[in-house]
Every structure is written in structure tokens, then in C-alpha cells.
Amino acid sequence: MKLVRAITGYNRSLLRALGRRYFAASTEEYAKRNYANNASEYNTVVASLTAQRRHILLRDVYDDMMLDGVQPTRDVFHSLIVGTMKGARMQDAFYFRDQMKAMGLLPDILEEMKINQVKPTGQTYICLLNACAAVGRVDRVYAIVRDMTAAGLGLNKFCYAGLIAANRNKTPDATSTDDIATKIIELVEQSKGWSSVEAPSDIAENVMMGVSEEELYNIPTAEYVHRRAGFVNRQLTVYHVAFHALADLQNIEATDTLLEMLKKDGKSPDVFIVMQTMRCYLHSGDIDRGLKTFEDYMNSGKPPVVELYVALVEGAMVGYTPRGMQLAQDTLVNMNSRGFFLSIKMGNDLLLAASGEKTGGYTTANYIWDLMQARKMTPSLPAVEAYYNGLKEREIPEDDPRLMLVSRTYNDLRRRFGSGPGRP
């Protein structure tokens with residue numbers, strides 16, 4: 001039984017074993033190389049690795065199951081989640097949680113830990129709180145807060161960030177967006193007395209792995225925390241989440257209130273907050289205030305950043321008004337002249353948005369395409385498809401050089417990635 005090799009660690013890990021599989025092998029040869037044949041046997045492997053504290057291999061076990069075409073049961077998922085929790089591998093635990101949800105199984109990680117007598121750490125609570133917040137489970141978020149209080153733990157800034165996100169993401173009901181905005185403001189005010197949940201040693205493993213707390217807890221600033229100083233002031237985490245939520249809600253009044261609160265606290269908006277303020281104004285149709293916020297920052301003497309140009313362009317295109325589309329193009333020209341360039345993600349997002357213009361000269365979409373071509377960037381299939389369809393809707397000769405290039409690129413991408421709802 002090859003399970004013994006997985007359990008005893010016989011000269012190799014599951015990962016190396018995966019690398020040596022041969023898919024053309026006979027059934028007999030394949031069976032010899034395999035570690036388990038069904039969900040029950042895999043569950044035994046998971047339990048054994050957990051008992052040996054070899055938590056790092058649990059993700060490999062799951063990958064092995066997928067490769068074998070074995071459908072994980074709820075028991076297998078529970079064992080995987082408990083094992084990764086015991087090893088403080090929070091990212092793997094939430095990966096398995098997401099896989100459970102994708103397969104129609106609803107996990108309750110905290111309950112599983114209680115049943116298996118695994119004592120949650122402060123970090124575990126916060127991870128669970130923010131995971132529930134991301135899907136709007138306000139009831140579960142407050143239940144976790146109660147559990148934390150019962151365990152003698154206080155609420156830190158990431159807990160309040162989760163509470164704000166939960167209210168923002170909860171399933172729409174009779175609660176108006178104004179009521180949600182009011183609740184967000186209240187939570188920001190309450191958060192000013194936040195305390196540290198536990199000692200820094202609790203997150204030492206994540207720091208060593210280069211994983212920030214913002215990334216671990218899925219905070220909106222996660223992709224920006226490694227940028228140079230000034231982009232994100234990490235002391236303003238609660239404000240970051242609140243401004244982001246209010247921009248989603250397009251609530252200008254609440255955003256202005258939050259700006260006043262920030263000012264009274266003696267703090268200045270960092271780049272992320274400026275971005276969210278612009279987004280709120282622009283997506284609400286107030287181009288003037290969105291543009292003024294951008295210009296105020298650019299004239300402040302602070303280092304200009306390409307993200308603010310992109311935020312202005314993206315927001316100006318909302319509604320595809322003639323003034324907005326012109327502002328978007330002028331901003332792109334200004335950005336390019338100052339030596340700022342779009343990343344592939346920025347280019348894809350802007351091209352996709354600009355391609356939705358149904359009237360007008362399509363000049364903004366054309367300019368974004370040209371900027372990407374100048375940098376030898378190939379846009380994503382969805383962006384190229386949207387741009388191609390927009391060109392086809394206009395009176396452009398079939399032999400037009402731009403249309404021919406876009407058509408060729410579109411066909412090449414379709415051959416590579418296929419078509420249909422399941423394509424990349």
C-alpha cells in the first residue's frame with residue numbers, strides 16, 4: 001500500500017511524486033505510483049500528515065486528489081482545514097474553504113476547530129472574520145466578534161475593517177445604502193480605540209514568507225502595501241476600507257464626512273484614499289470634484305503616481321459622456337507625455353471599459369490600444385474582443401490596417417485560449 005509512503009515520508013514528498021507521474025502508463029503501473037485510490041484513503045493520508053505536523057504537504061495531497069479525479073468529501077475538506085489550521089497555514093485553510101464553496105459545500109471553519117479542540121489564535125479569528133465579511137455574512141462576523149470577546153481578545157484595526165466590509169457586502173435588503181454608510185461612519189469612530197489582538201510573534205511566519213497582514217486578511221490595500229512610502233499609510237487601515245466601501249456605494253456625503261473626520265484626527269489622505277475619493281466622485285457623476293481632487297494632489301508637491309491617472313481615466317469614462325471621454329483621452333495624453341506607462345492590467349481594464357462606448361469617435365479606445373501596442377503589450381482576450389466588436393460596429397473598411405491588426409490579434413488569442421464562458 002503506497003499510503004505508507006505518504007504516511008512515513010519514504011524518501012520523497014507528494015510534490016516530487018507528482019512531478020514523476022507518467023500519464024501514458026498502464027493501469028497497473030499507475031496504481032503502483034499512486035498514494036491513494038479514493039476519498040477515504042486520502043482522508044487517512046491527511047490525518048496521518050496532520051498527526052506528524054507535516055502540514056506543508058496537505059495542499060499537495062489535495063492537488064494529488066484533483067489529478068486523480070477523486071472527488072473530495074466534506075470529511076476530507078474538514079480534515080484538510082483542521083490540519084492547515086493546526087499548522088497556522090491560514091492561506092491554505094481559506095483555499096480549501098473556497099474549494100468547498102465551489103463544490104457546493106458550506107464550511108464553518110471555526111466550528112470545526114472547536115469540535116477538534118484546536119484553539120484559535122487571534123490571527124485565526126481575524127482571518128475568519130474577514131473571510132466572512134468578504135461574502136457579507138454579517139451574522140457570522142458578529143458571532144466571531146463575540147467569540148473573540150469571550151476569549152479575552154480585543155478588536156484591532158483589521159477587525160473593524162472586517163466589520164465595515166461585512167456591512168458593505170451584505171445581501172441587499174430593506175437596508176438603504178444611506179443606512180449602510182451611516183453604519184460605516186459609526187464603525188470608523190468606534191475603531192479609534194482599537195488595540196493589538198496579540199503579540200507580533202503571531203504573524204512572524206507570514207512576515208518571513210513576505211505576506212503582509214493586508215494580504216492575509218484580504219484588505220483592499222493588499223496590492224499596494226509594498227509600494228514606496230506615501231502610497232499607503234498603514235496606520236489608516238480602517239479609513240482605507242471605509243473610503244473603499246463608500247466609493248462602491250457612491251455616497252458623496254458620507255465620503256465628505258469621512259474626509260472631515262480624517263482631518264480632525266490630524267491625518268492627511270494617502271494616495272489610496274485620494275484614489276477612493278476620486279472614484280466616489282467620478283462614479284457618482286461629479287466629474288468636476290473628481291478632477292479637482294486629482295489636480296489638488298498633483299499640485300501638492302507629492303510624487304505623482306500612475307494609479308491616479310488611471311483612476312481619473314476610468315472614472316471619467318463612466319456613462320460615456322462626450323466631456324468624460326474627452327477628459328479621459330486628455331488625461332492619457334498627459335500621462336504619456338510625463339513618462340508614465342500603463343501596466344498590462346491597467347491597459348486591459350481601461351481598454352475593456354473604453355470599448356463600451358457606443359457612440360462617438362472611439363478615439364479613447366483607439367488611443368489605449370495604441371499605447372499598449374507601443375509597449376508591445378498584447379491585451380487579454382476579453383479586452384481585445386470588446387475592442388474588436390466596437391470597431392466592427394463602426395463604418396470602417398475591411399482593409400483598414402487597425403481593424404486588420406485587431407482582427408488578427410483576436411483570432412490568435414481565440415486559437416490559444418478558445419472561446420465561450422469558460423475561457424480565460
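Biologist: Which helix gives the most to the lining of the largest pocket?
Modeller: This is a predicted model. Its largest pocket has a volume of about 850 Å³. Helices that give two or more residues to that lining include helix 9 (122-134), helix 19 (306-316) and helix 21 (344-354). The most, five residues, comes from helix 17.

Biologist: Which residues are the closest to the centre of the largest pocket?
Modeller: The lining of the largest pocket counts 32 residues. Helix 11, helix 15 and helix 17 (271-283) are among the elements that give two or more of them. The closest to the centre are P220, E223, Y224, H244 and Q276.

Biologist: How many residues of the lining of the largest pocket are charged?
Modeller: Start with the other classes. The lining has 16 nonpolar residues and seven polar ones. The charged residues number nine.

Biologist: Which helix gives the most to the lining of the second largest pocket?
Modeller: The second largest pocket has a volume of about 360 Å³. Of its 13 lining residues, the closest to the centre are P269, V274, T293, D296 and Y297. Two elements give two or more residues to this lining: helix 17 and helix 18 (287-298). The most, five residues, comes from helix 18.

Biologist: What classes make up the lining of the second largest pocket?
Modeller: Sort the lining residues by side chain. Five are nonpolar. The rest divide into four polar and four charged.

Biologist: Are helix 11 and helix 15 roughly parallel or roughly antiparallel?
Modeller: Take helix 11 (residues 157-169) and helix 15 (residues 237-249): their axes come within 8 Å. The axes cross at roughly 10 degrees. Angles under 35 degrees count as roughly parallel. Helix 11 and helix 15 are therefore roughly parallel.

Biologist: How many residues of the contact of helix 11 with helix 15 are nonpolar?
Modeller: Helix 11 brings K157, F158, Y160, A161, I164, A165 and R168. Helix 15 brings T237, V238, V241, A242, A245, D248 and L249. One residue of this contact is polar and three are charged, while the nonpolar ones number ten.

Biologist: Are helix 11 and helix 12 roughly parallel or roughly antiparallel to each other?
Modeller: The axes of helix 11 and helix 12 (residues 177-190) come within 10 Å. They cross at roughly 175 degrees. Angles over 145 count as roughly antiparallel. The two helices are therefore roughly antiparallel.

Biologist: How many residues of the contact of helix 11 with helix 12 are charged?
Modeller: From helix 11 come Y160, L163, I164, N167 and R168. From helix 12 come I180, K183, I184, L187, V188 and Q190. Seven of the contact residues are nonpolar and two are polar, and the charged ones number two.

Biologist: Where does the pLDDT stay under 50, and where is it below 50 with five contacts?
Modeller: The mean pLDDT of the protein is 84, and 81% of its residues reach 70 or more. One stretch under 50 has 50 contacts beyond four places in sequence: residues 1-27. A stretch below 50 with five contacts beyond near neighbours in sequence is residues 198-202.

Terms used:
Residues are numbered from 1 along each chain as its sequence is written. This is a predicted model: local features need pLDDT of at least 70, side-chain atom pairs count only at pLDDT 80 or more; totals for chains, interfaces and linings use all residues. Side-chain values use heavy atoms; hydrogens and water are left out. Axes are lines fitted to C-alpha atoms, for helices over the stretch in contact, and angles run from 0 to 180 degrees between N-to-C directions. Helices (H or I, at least four residues) and strands (E, at least two) are DSSP runs, numbered from the N terminus. Angles under 35 degrees count as roughly parallel, over 145 as roughly antiparallel, 65 to 115 as roughly perpendicular and the rest as oblique. Contact means heavy atoms within 4.5 Å. Ala, Val, Leu, Ile, Met, Phe, Trp, Tyr, Cys and Pro count as nonpolar, Asp, Glu, Lys and Arg as charged, and the others, Gly among them, as polar. On a 1 Å grid over the protein atoms alone, a cavity is a set of points where a 1.4 Å probe fits but cannot get out, and a pocket is an open set with protein on both sides within 12 Å along at least five of seven lines; lining residues have an atom within 4 Å of a point. Grid points are joined across faces, edges and corners, and a volume is the space filled by probe spheres set on the points. pLDDT is the predictor's confidence in each residue, from 0 to 100.
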